[in-house]
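Hello,

Here is the structure I said I would pass on. Please open it beside this email and find each residue as you read.

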Amino acid sequence: MKWSQTHLYTLKEAPSDAEIPSHKLLVRAGLVKKIGPGLYTYGNLALRALRKFENIIREELDSRGCTEVLMPMVQPRELWEETNRWSEMGAGLLKFKNRNDHWFCLGATHEEVITDYARSDIKSYRDLPKNLYQIQTKYRDEVRPRFGLMRGREFIMKDAYSFDVDQAGALKAYESMYQAYKNIFTRLGVDFRIVKADAGNIGGSQTHEFQLLAEAGEDHLLVSDQTDFAANIEICPAIDPEPPAQLNVQAQPVEKFATPGLKTITDLSKKFSISEKELVKTLFFSANEGLDSKDKSLKAFAVLLRGSDEVNPVKLKNLLGMVNPPLMLTEEEVREVSGASPGSCGPVGLKIPVYVDHGVASLKNFICGANEDGFHLKNVNMGRDFQATKIADLRMARAGDKCPESNGRLKSFRGIEVGHVFYLGTKYSQKMNAQYLTKEGQLTPIEMGCYGIGVSRTIQACIEQNHDADGIVWPAPIAPFDVHVCLLDTGDRRALELIQQLGAQLKAQCYEMFVDDREERPGVKFKDADLLGFPVRVVLGKKGLDNNELEVVERRGKAVHKVKAEQLSAQVISVLQKLRQGFA
């Protein structure tokens, strides 16, 4: 392909709303163009990278007996009401009425649609197992779309769904898809980790995320320094590096003392020279959820943590069996349930459930709020002064905590979630009456699994992980083109003939070539070649041809190979084959 025949326009400067390197490079390289918040047009180069990634996905899934389908983006309200997710998904689900006054939504996900599709045909155990997938556009009405394709409103996703007769079959399908995902991301040639994760609104009892490591990643990962354990911080068990000291401390009488103006853990710690981990903070949350809930009464509960710890909303959600993480109470609501403003609250005398983190359960004679503004209590002890509704792991894990599987310690990484596999069980099939007849003639809910890959998100994640100060450094398997020819003298017949020869030999080896034939200065062409980041650059100019010394430059590492014209094709193909090794 020639540059002059494309619709490709690069920029010297990134737009002001581009915050991370990959977003800046996507726009500067002409890969995407914004038409509205979270909405982008994909240019030809971006589309070529997307299609190459999609082909890798299809090859891996088709080899495992998966069947590709295509479902509608517009979905009727009735399907979503069968699972109660019409209200549970909240404002992220873009809803609208058609001209007949019927409610629809844009597909944020397709569990309801695929379950409806399958239940109409699957009648018997003889119809199972099945694994159906699609690669399609989805829409989620993000409050604040940002980071380009990383957190857009409209995006391209691969979602697959398995259907099995029992749990054993469903877990076998899960393992097959887990391995398929490992192959897919290994073939990309990127640095990734597989981590335990939370299922979120999708649901399910087993789930793993596939995370590309990158400094700008939105997800915080904790990885063991001794085993293969890795988890998203949202669900990582929080285990103190050293067990709490078993102190035979006698409980002291509770005392109330004045703390005027001291409303934070830091204030108390500094004032009384007490470590924050020896203080206790009380947080208040609401167990209410569902926008259309008829029960308007406040279902408040309290959470106790050490002053040095941070509450984990996902662990709270899972402990209480909620669909979404609980919301914190307003200052007015806190005063309603405790009698005091935030900063002076504690568990003693509360009439609501009190959930206690493991770290607090080991403390004796601790300080907490007195539920009276400007006062705290000291020598408070669980069991004597208040009762715990339940003791659980409720804090955020952190680097340095103990590995759950060994005596190792956890290390911190940033990651970009690009894939997610879920074992759903019968979460959707029961609600939607997706059943089959067993050999014994019993109607039984179908066991399901769900498997997603953010296709457009992965393209940007690859750039976030693979770039330098000059531009993109494409992983070879999804580079829009394999070779970038900088034609410095567009009228030189020798160069044009050499390009034809090189193109023919590359095509015979299934490689693709891009020729910059613009009437531009060499410096402009070199800068754009670095910005676009194709694996190999070839420089063809009159000076090099006169001296019979041409340049073949590797984009990653900038290694330069000086070759004669008759050696050009062989050298380029040799470099490309080296890059391809390990990806196929």
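Below are notes on the cavities and on one pair of helices.

Please keep in mind that this is a predicted model.

Cavities

To look for empty space, one rolls a probe the size of a water molecule over the atoms. The model has 2 cavities of 30 Å³ or more.

The largest cavity holds about 60 Å³ of space. Its lining consists of Thr6, His7, Leu8, Gly30, Gly43, Asn44, Leu45 and Phe514. Sorted by class, these lining residues are 3 nonpolar and 5 polar, with no charged residues.

For the second largest cavity, the volume is about 50 Å³. Around this cavity you will find His484, Ala529, Asp530, Phe534, Arg537, Val553, Glu554 and Arg555. Helix α14 (522-532) and strand β30 (550-554) each contribute at least two residues to this lining. Here the classes are 3 nonpolar, 1 polar and 4 charged residues.

Helix pair

How do α2 and α6 pack, and at what angle? Helix α2 covers residues 44-62 and helix α6 covers residues 167-188; the angle is about 145°, and the axes are 10 Å apart. The crossing of α2 with α6 is right-handed.

On the α2 side, the contact is made by Phe53, Ile56, Ile57, Glu59, Glu60 and Leu61. On the α6 side, the residues are Met177, Ala180, Asn183, Ile184, Phe185, Arg187 and Leu188. By class, this contact has 9 nonpolar, 1 polar and 3 charged residues.

Regards

Note on methods. Residues numbered from 1 in each chain as written. Predicted model: local features only at pLDDT ≥ 70, side-chain atom pairs only at ≥ 80, totals over all residues. Heavy atoms only, no water. 1 Å grid on protein atoms, 1.4 Å probe; cavity = no way out; pocket = protein on both sides within 12 Å on 5 of 7 lines; lining within 4 Å. Points joined across faces, edges and corners; volume = space filled by probe spheres on them. Nonpolar A, V, L, I, M, F, W, Y, C, P; charged D, E, K, R; others polar. Helix = DSSP H or I, 4+ residues; strand = E, 2+ residues; numbered from the N terminus. Axes fitted to C-alpha atoms, helices over the stretch in contact; angles between N-to-C directions. Left-handed = near helix turned anticlockwise from the far one by under 90°. Contact = heavy atoms within 4.5 Å.
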